[in-house]
Number of protein chains: 2
Amino acid sequence: MSKEKIQEVTAYAPGSVANVGCGFDVMGFAINEPGDEVTARFSQHDGVAISAIYGENADLLPYRADKNTAGVAVQAMLNALDTEEIPGIEIELNKKMPLGSGLGSSAASAVAAVVAVNQLLGNPFTKKELLPFAVAGEHISCGVSHADNAAASLMGGFIFVRSNNPLEVLDLPTPDELYCSIIHPDIEIRTEDTRRILRKQVSLSDAVTQWGNVGALVAALFMEDYELIGRSLHDSIIEPIRSILIPGYPIVKEEAIKAGALGCSISGSGPSIFALSRGRETAEEVSQAMSNAVKNIGMSYEIYISPVNKNGSILLDQKNIDVENISNQ
Amino acid sequence: MSKEKIQEVTAYAPGSVANVGCGFDVMGFAINEPGDEVTARFSQHDGVAISAIYGENADLLPYRADKNTAGVAVQAMLNALDTEEIPGIEIELNKKMPLGSGLGSSAASAVAAVVAVNQLLGNPFTKKELLPFAVAGEHISCGVSHADNAAASLMGGFIFVRSNNPLEVLDLPTPDELYCSIIHPDIEIRTEDTRRILRKQVSLSDAVTQWGNVGALVAALFMEDYELIGRSLHDSIIEPIRSILIPGYPIVKEEAIKAGALGCSISGSGPSIFALSRGRETAEEVSQAMSNAVKNIGMSYEIYISPVNKNGSILLDQKNIDVENISNQ
């Protein structure tokens, strides 16, 4: 009787919207697309190697595993394995989402990589246990350790980061009729720059307004209160500053709300703008309104519509080999 | 056949714990005692009059209705009545809780007053509709309009203030096994003073920590996750400053946690200190530990233990008169 051994695994990790208006550095949710794919296989060589990077901006990403978000994440995972013999791993990154878009691109690569390798190794870790490795991977590309994008991409649905150190992430409920429209205007903003322009001090009064909205948004998700979700998205601290970097932001937001969106804000550090709507039909009208607004100011863009993605990262494909056959070869 | 008309109503409104650790100005919950009682009756004279104030500190409270939290609350309510003929109202305030304790004493008076008068008038308002009137009443005594104490005292359980202007308050779930120990050291702190010492600016990093805890505390109440309630109570902004005004605060808190409390912080603006525990037995041990700590530093105190009060304000008593008999007199 022949025994099967996994030879190659491909995983998909979706993009995500971090911050979600009021929830700077603490909230996120996953979307259906865009996202990244990673294929992992065992290698004859020690350590982690990036064997290929595909996609439109592939040439902008480092092949050195210790500089690449996916490579660093996998290495962090291998370091945590409770085994003496650490296998050599080779990964291929199929970059299917724009870089610097504010849609958690680096988190998606890191998550897809650790999910694929975990399966390849026979699942030594639960899905949630993979989070710190993905966060470590993201750190190399963003310079900061925030779990909001990685947790959403990994677990799906809405997530809440109570604390980054020690890392504690909560799964929040995701109302069924919640759809997301995202417009990605064709400009690049570096996460480091968007952090640099933030003020280090905020007024206590603005902070109270903000945590009033954060708590209400969490409650609204539990209560499935769509209108309350909309009212609570309001960001009185970050959006007023970061939106300056996004040409046409006020008009895009205004048109989204006019078209029926519950709320609208910057996705992550931008330049992508997201709007939440109740039901796909409204989300489509909102997407149309946002597209028209961006078109009118002469920018090219991509637009995405999806329900909030409840699955997070998934396995796409797996090739097994027959171990006895191999030993006969 | 004779028709009955209400002649006199007595209502009780419980004290409350505002802020609840991390939730400065946005969270609160009601306790069973202490609390205030108000008796309301119709009067031959126009307007609102305070006819009597009972209780230990009665002489410290103003009889002028436009200076008294209960009087102002009732007047705000009468002003909102959709009627041309506004009845004269007389109220008696039975002050059964300490002033300046951080237990929502003025809110309790205002709430008991509007609940009693609303019943006297045949309930022109729903319970929740009474909140803005109680908040208006509290404004006269505290100089600020925050609904956290008043909403908790009125509605019971945990409440969340998404916004003070416009006023929007959410009812949060209250886990059944949640008990509260409160120690009120015998010193007075004026709310105005405790506001004055707060910094007007906070670091963005502390603010993020705070709203991480606020959102997690809200989630924990929905999830009935007692340990998470404890971890989320942490206040990184207000407590470090206000606790300086409370002699022995660090040791009381330390002893409460050692005795098994989930968490411990300042009640409202202090000097009362509250601790939340799972189950009455633990709450009693925690109360004992807090009492010993305060005793050891030579202060007198009051101690209260109760489950989180889910009822809020209640009617205690009501005297009816026979309207036809009156007209015959």
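Me: What share of the 329 residues in chain A is buried?
Reply: This is a predicted model, so take the figure as computed from it. Buried here means 20 or more other C-beta atoms within 10 Å of a residue's own. By that cut-off, the buried share of chain A is 53%.

Me: And what radius of gyration does chain A have, next to the globule rule?
Reply: Chain A holds 11 helices and 12 strands. For 329 residues the globule rule gives 20 Å, and chain A comes close to that, so it is as compact as a globular protein of that length. Its radius of gyration is 20 Å.

Me: What kind of axis relates the two copies?
Reply: Chain B goes onto chain A with an RMSD of 0.0 Å. Getting there takes a turn of 180 degrees and a shift of 0.0 Å along the axis. The copies are thus related as by a two-fold rotation axis.

Me: Which element of chain B gives the largest share of the side that touches chain A?
Reply: The contact takes 30 residues from each of chain B and chain A. On chain B, β5 (158-164), β6 (167-172), β8 (201-203) and α6 (204-223) each supply at least two. The largest share, 13 residues, comes from α6(B).

Me: Which residue stands opposite A:Val202?
Reply: Strand β8 of chain A, residues 201-203, pairs with β8(B) in the antiparallel sense over 3 bridges. Also, 100% of the interface residues of chain B are interface residues in chain A, so the copies meet through the same surface. In β8(B), the residue opposite A:Val202 is B:Val202.

Key
Residues numbered from 1 in each chain as written. Chains lettered and ligands numbered in written order. Predicted model: local features only at pLDDT ≥ 70, side-chain atom pairs only at ≥ 80, totals over all residues. Least-squares fit on C-alpha atoms with pLDDT ≥ 70 in both. Contact = placed C-beta atoms within 7 Å. Helix = DSSP H or I, 4+ residues; strand = E, 2+ residues; numbered from the N terminus. Pairing = 2+ DSSP bridges. Rg over C-alpha atoms; globule rule 2.2 N^0.38 Å. Buried ≥ 20, exposed ≤ 12 C-beta atoms within 10 Å, placed from the backbone.
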